[in-house]
Structure formats: structure tokens, C-alpha cells
Protein chains: 2
Amino acid sequence: MAAPLRIGLAGLGTVGIGVVQIVQKHAAMLTARSGREVVITAVSARDRTKNRDADLSGFAWETDPVALARRDDVDLFIEVMGGHEGPARDATEAALAAGKDVVTANKALLAHHGHALALAAEAAGRVIRFEAAVAGGIPVIKTLTEGLAGNEMRRVMGVMNGTCNYILTRMEDAGLPYAQVFEEARQLGYLEADPNLDVGGIDAAHKLALLASIAFGTQVSFDAVEMEGIGAISIDDIRHAADMDYRIKLLGVARMTGRGLEQRMTPCLVPVGSPLGQLSGGTNMVVLEGDSVGQIVLRGAGAGMGPTASAVMGDVVDIARGLRIPTFGVPATALTVPVAAAVSAACPWYLRMTLLDKPGALAKIATALGEAGISIDRMRQYGHSDGQAPVLIVTHKATRTDIDDALARFAKAGVLVGEPVALRIEEV
Amino acid sequence: MAAPLRIGLAGLGTVGIGVVQIVQKHAAMLTARSGREVVITAVSARDRTKNRDADLSGFAWETDPVALARRDDVDLFIEVMGGHEGPARDATEAALAAGKDVVTANKALLAHHGHALALAAEAAGRVIRFEAAVAGGIPVIKTLTEGLAGNEMRRVMGVMNGTCNYILTRMEDAGLPYAQVFEEARQLGYLEADPNLDVGGIDAAHKLALLASIAFGTQVSFDAVEMEGIGAISIDDIRHAADMDYRIKLLGVARMTGRGLEQRMTPCLVPVGSPLGQLSGGTNMVVLEGDSVGQIVLRGAGAGMGPTASAVMGDVVDIARGLRIPTFGVPATALTVPVAAAVSAACPWYLRMTLLDKPGALAKIATALGEAGISIDRMRQYGHSDGQAPVLIVTHKATRTDIDDALARFAKAGVLVGEPVALRIEEV
């Protein structure tokens, strides 16, 4: 049997302790599956005195994760600290430079520095695996990089922020406004310290950028993701969507078009009867479309101790078994620089706005749409109250540019109360 | 760059031609992803003169797949002929003996001879991969063997025969009886030459036995799968189930219990709102439950040229990249001989029967259930017609043994018309 795989574990929060628990509880199973022992030799975390739900007495302790990454008795460095700068980045770079393989759950780190880290790993002859960084326990990185390796990918989609999906589902189920459900989620501890990472779509956009890199063989390009949070979604939007047999999801979509790489993380309407439309609560779902395989849908817990630790351990066993593939599926030097699609593909749009109760207000909106080259599929004006009239429009296919043009014309027309809401209707 | 990976392809039916098409169309992509060229050097099929939808002129031709398996210019033998004896078995054994890796789509071969082949592969230092053998394009073997390698598996479930799911869905949607939809499916070419492979549950049971081996570290034990086809399901059953918010699926379930390994492929009722309940048409779904990851659901096309060839090519790229893991996830010598659970776990049951219109008939049935130790959750008797009364019963949790006891008592009571239908209600 090969020598044991010796792990240095940086970060003893929920995920780190989950990893310790699996390694300790399932030692024999991991040995059988890996063909070698999997052992943790050293750990690091900020506070050594904190009470943690695992026996750490057998591990060497490093206060500095960089020192941990460089230890001679570490073959594999696991980074579950988080943060895309500072200790996480420094220690990951140090680990690669010291000839260690890396397993990380850090989507922000890879979204910002993935290409540089992939180059560093390959220069050092080491690998970086990051299953836990995307969609928690769902083995989507593996499925895309390995299982579907025979496919030219057409489109990658995902609901990959459980907190946003929880908020949208709860708004619909309980008929509560966004602000109230947001506050509930905060009190339940579902939100990041900076909630904009969740509800602003940033966290999910990190994940999408990683999937897009693998799917299309391009360098990670997080800055090019069109991003829009769920803060503007009202209970009315959710109800209008439901009336038309749609649900609203914070949906990531990436595809390679003739005009370049399209990446977006925005609230979209999806059919109620589709797998994405049926997804409720904090669960994640990823939809992968390839030229041979058609559509593959993966569903599971997107966060939490067990699922995230499961993903980390899948990577650990891969490395223990000797699987060595490039970070994003092809050598980093072969990844192309993506041209961001200046115009995303045309799709139907859902538009909701409130009009002043003035003669000709609706006509001005219809005219503005016509001038922007957008034709109307359905339009509905609701009864006036307080001198205001809610209006709902579903358009035929239009680009983001067309819609932005129309929204600018709406603003000039001087008949709007507040900001209109414009959401894509995604064919799934 | 490493030397090219040279493929010998045995079988030029739908799947074989799909593989040829991917290798030819995506040569550059496969090279980038594999780190080496992937080439087909030789092929074999029964009829060389047949017109096929691919250019085969660049490949050597062998009439005998065993000769193909032994060629010096073949590193990897792909078996997509089918059949669990004869040429498929002979050629697979010959390939391993000649030091070739094997990729196969042949569920029957592995369900019957998987353990012997795994032993042979490991003795020869070769690997067998078989993603295409289970659930078509869905990378479920990879997910279970690799992605969830950190989990002790709790339960594996799946709808893995698209034809059966098509028949059941079509019966429900069109309100047509089984015999008529069966005939439709036959005319559409959805059925195997021996339709019992589909509607008898055999094909799906082959797949379940392979998943169970990986999930529980046991030698493939196809003979121990409790198997029941869909032929006894009537449109009435489908309607009664729908009235109670259930759908009927040919569902495979494997789990390790305190009493041993439970494997069954039988029609079950599942909640309409669950992912399994929402699955319609020919699509496949596999549900994997692990102690850390919770529940992972995978959905996709379970058959067809593109999806099956995609699965084959995923295995090919794995082997080209150097991934070498034991056939069933742990060395074949470490697989345990499973003890088949003599009694499968208790669950609620759906019972449908037709009673003679005699005084006391229903009381006799209720008494028989009580004597078998089964308590009734719901019972409904429908109006009599022609001196017969349909009766529907949902039981509290009972074992298969209890139910068989009750069914024997029903028969003795002499009040039944025809055979009763007994289906598990699976918690999903």
C-alpha cells in the first residue's frame, strides 16, 4: 500500500471540523477507497482555545496557515478559511510553492485569482481541487470536468445560493415582503456577514465564473459576470410570475455565443414545472447542457457542514487515488482569454412598473417599447389606486441592450412611479 | 505530451457510432482535456458491409472482437456490443488478459460477471470503467465512486429504465391501459427485443446491483435483487395513487440494513411533489443518500446515442488522464459477500383488490390484515358493479413478509376476484 496521504488543514470552522469528523470516523473506509491511509497531521486556526466539536489532540498546531502549508509532514493542504486575500491566498500560494497539492472550498479566492493559482500549480506540478467551492455537496466540478469531458458544453445554469432561494421561496409561501424575509434570514444566521455576498448575487457569481471556465475552456472571468441581486423583487413580482406559471429564481447562466462568453447571475423567471422551477428552500441545483449528453440536472444541499465536508473529502480521495487533472480541466496555459459577449442573447422579458394615472401613460410605454424594437407578447394593466396603476408586460425576445434602451425611454417619458423591474424569462 | 491513447472499439451500433462521432468531431478538445491524443485504431462489428453514419475508413477492421481486444495497437478496449455471455464476455476477458483497460456499457455483463471481471482486471493491473452501463448520460458511477467517496452511503434509489417510466407516464397522461401503451412503445422501438428486460425490471435491476456494489462495498449480487415488473399496474392504480398525491414509478432501492443488504426493483408509490414523483417520460433519475452529503439527485437522459456515448467518453478521458481506480471503488478482494436482507425494511403499502359482492367480504380482508399484524391507515371501498367491488387500502408500515402473509390469507378467504396488487410507498 502507498504511503499515507498527510493533510494539513487550515481553518477549523464548520467545514474544517466536518472534515476532521469524516477523517476520524471513516478512517477504514477512506483507506479502502483510497488505497492508502488518509491522515491529518497538522491544523491551523486563529484561536486555539476555542471549544470545537472534534478531538484535535493528535494534530500538530500552527497559528500561521503559511507555516502549516510549508510543513514537511504535509502532502496536501486543505484551505477552508475563506477570504480571497490575506491568509487564504498567502497560504495557498505557499502550499503550491512548497510542492503541496491543494484542496479548497474558497470560491472567492478562485474567482479572483484562479488563473494565477492554476498557473502556479501547474508550474509546480501540483493540483488544485475545489469541489466544495461550488454548490456545496453536489459534485458539479467533477461532473463537468470529468463526467462530461466528451461534450462541448452548450450552457451551464444554476441556482447556487441557498439563502436567496430560501428568501424567494419563503416570500412566495408566506406572502411576506422581501425586507421582512431578509430580516428573518439574518436572524436565522443564513446570511453572510456582508449580506450583499448573498442577496447581491456575488457569492453565486463567483461559482458561476468557475463553472464557465471549465465549461468553455476560458480563464476565470468573474469581473465580466452581469450581476443583479434579488433586492428589487417584490411579492407582486412573485405573484405575477406564478399567475403565468413561472417562478423567480436567482439564476446563473453561462454560455458561449457567437458574440463571446455570456455570464450572468440575475433573477430570472423559469417555468414552474421545470426542475429549476420546482426547487424550493435552500437547496441548490445545477443544469449542465452538452452537445452529446443533452441536459443533466444535479440537485443537493449547497451549504452546511456535512455537504461541504463531503465535497472536500471527495477531492481528498481523488488526490489520494492519484487523480491529477488541471485546475480548470485543461492546462492553464491552454485556457483562452474570454471575450465577454457585449450583448447577451435575446430572450423574453418580464417588465413590471407603476404608471402615474395620467391620460396616455400606457401609450407612452408601448411607444417606447416599439421604438426600442421590442414587441409585446402580453400586457396587463391593473386597477388604479392612489393615482397609480401597476402594469405588467411580457415581451417577445429582446436583448439586454434593447431592454436598457426601453427603460431609458420609459424614464424620459415621465410617467413612471419608482423604478421598473426587468427580469429575463429563461428557457430551461 | 504522453503517447496517444489507442482505442479498439467493439460494436458499431448506435452507441459505437456515437463514440466514433465524438472522437472524430472533438479530437482537439479531447486532446486538450486528456493531455494526449485519443484515437481509434481498430473496430469490430458483425457486418462490415452495413451502411453506418460515420467514416470508418481510417480504422483497422476485425471481424472477431477477441482478436480486436488482443491487438498490439490497442491500449483501451471499448465494449458496446451487449449480451452477458458470448463475444462480449469473451472479448472483455481477452482484453484484460492482454493487458488492456476496458470501458463498457454492458450492464448485464457486469451484473452477472462483474466480480470475476474486477478480480481479473486487478490481477492484470488494468481498470474497467462502466459509466454508460447505468443511467445513460448521467455520471452516476463517477458521482458515487468518486464524488461521494467521503460518505458512508445510506440509500441509493433510481428510476433507471426510461421505457418503463415512459409507459407509466403515458398511461397517466393519456388515460390508456397498460397493454395499449406497451404496444405503442413496442411500435416506437422503445422496447428491447426481449421486452421483459424492460417491463420486467431486469435491465433496471442490473443497474441497481452495480450501484449497490459501489455504495456498500459488496460483491455484485444481481440474483438477490427483489424484482417485479410493471405489467400488473392498471390505470386504476395510477389514478388511485394520484388521488393520494402519489405517482407510481419502477423504482430501484438499495440499502444496507441491520439485517443485510436490501435490493429491490419494483413499482413503488412516491410523493408527486418529490423529484422522483416529478420525473416524467423517458428521463432517468438517481437519488444518492450519504451520511455527510445528505441527498443528491441526478437527472438526465438514460439512453440514446449521444448520452450513452457521452458516458463512454467520460470514462475514456478518465483513463487517458491516468485515473485508475478499482472497478467498484475498492479492490475487488476487499468487497464483502453481501448477506441479502431476509426481510426488507418495513414501509407503508398500497393494496388494491377486487372483492366479490358478498356479505362480510371486506371484514374478511380487514381481519386477514389484522392477523398478519398489519394495521390500516386508510381503506376505501368503491361502488359495486357486476357483483364486484374495488377496494383500496393503505397500510401503516409493514414488511414484505407481513404483506405476503396477508396476501396468502386474502386468497384463503375466498372473496377476491383476480390477483391483488401490492405496492410499496417509498419515503423519498
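## Cysteines and disulfides

In this predicted model, the sulfur of A:C268 lies 7.2 Å from the closest cysteine sulfur, that of A:C347, which is too far for a bond. A disulfide requires the two sulfur atoms to be within 2.5 Å, and a search of the whole structure finds 0 disulfides over all chains. Seen from the other partner, A:C347 is likewise in no disulfide, and the nearest cysteine sulfur to A:C347 is that of A:C268, 7.2 Å away.

Both cysteines lie in the interior by the accessibility criterion. A:C268 counts as buried because its relative accessibility is 0%, and A:C347 counts as buried because its relative accessibility is 5%.

## Overall form of chain A

Chain A contains 15 helices and 16 strands. Its radius of gyration is 24 Å, close to the 22 Å that the globule rule gives for 428 residues, so chain A is as compact as a globular protein of that length. Along the principal axes, the C-alpha atoms of chain A fill a box of roughly 80 × 45 × 35 Å.

Of the 428 residues in chain A, 60% are buried. When contacts in chain A between residues at least 6 apart in sequence are considered, 74% of them join residues at least 24 apart.

## Relation of the two chains

## Annotated regions of chain A

An unreviewed UniProt entry carries the annotation "domain: ACT" for residues 350-428 of chain A.

Not counting residues up to four places away in sequence, A:K107 touches A:A133, A:D203, A:H206, A:K207 and A:L210.

## Threonine 169 in helix 7

A:T169 is placed in helix 7 (residues 162-174) of chain A. Because its relative accessible area is 12%, A:T169 is buried. The side chain of A:T169 reaches the backbone oxygen of A:N165 at 2.7 Å.

Beyond its neighbours within four places in sequence, A:T169 is in contact with A:K249, A:L279, A:S280 and A:G281.

## Helix 11 of chain B

Helix 11 of chain B spans residues 235-243, and its buried residues are B:I235, B:D237, B:I238, B:H240 and B:A241. The elements of chain B that cover these buried residues include helix 7 (162-174) and strand 9 (246-257). The cover also includes strand 10 (260-271), strand 13 (349-356), strand 15 (388-395) and strand 16 (416-425) of chain B.

Both ends of helix 11 can be described in local detail. At the start of the helix, a side-chain oxygen of B:S234 reaches to within 3.2 Å of the backbone nitrogen of B:D236. The helix is followed by B:D245, whose phi is positive, near 65 degrees.

Terms used:
Residues are numbered from 1 along each chain as its sequence is written. Chains are lettered from A and ligands numbered from 1 in the order in which they are written. This is a predicted model: local features need pLDDT of at least 70, side-chain atom pairs count only at pLDDT 80 or more; totals for chains, interfaces and linings use all residues. Side-chain values use heavy atoms; hydrogens and water are left out. Helices (H or I, at least four residues) and strands (E, at least two) are DSSP runs, numbered from the N terminus. Buried means under 20% relative accessible area, exposed over 50%, partly exposed in between (1.4 Å probe, protein chains only). A polar contact is a pair of N or O atoms within 3.5 Å; within protein, one must be able to donate a hydrogen and the other to accept it, and residues adjacent in sequence count only if both atoms are side-chain atoms. Contact means heavy atoms within 4.5 Å. UniProt positions are given in the numbering used here, feature names are shortened, and annotations may be inferred rather than shown by experiment. The radius of gyration is taken over C-alpha atoms; the globule rule is 2.2 Å times the number of residues to the power 0.38.
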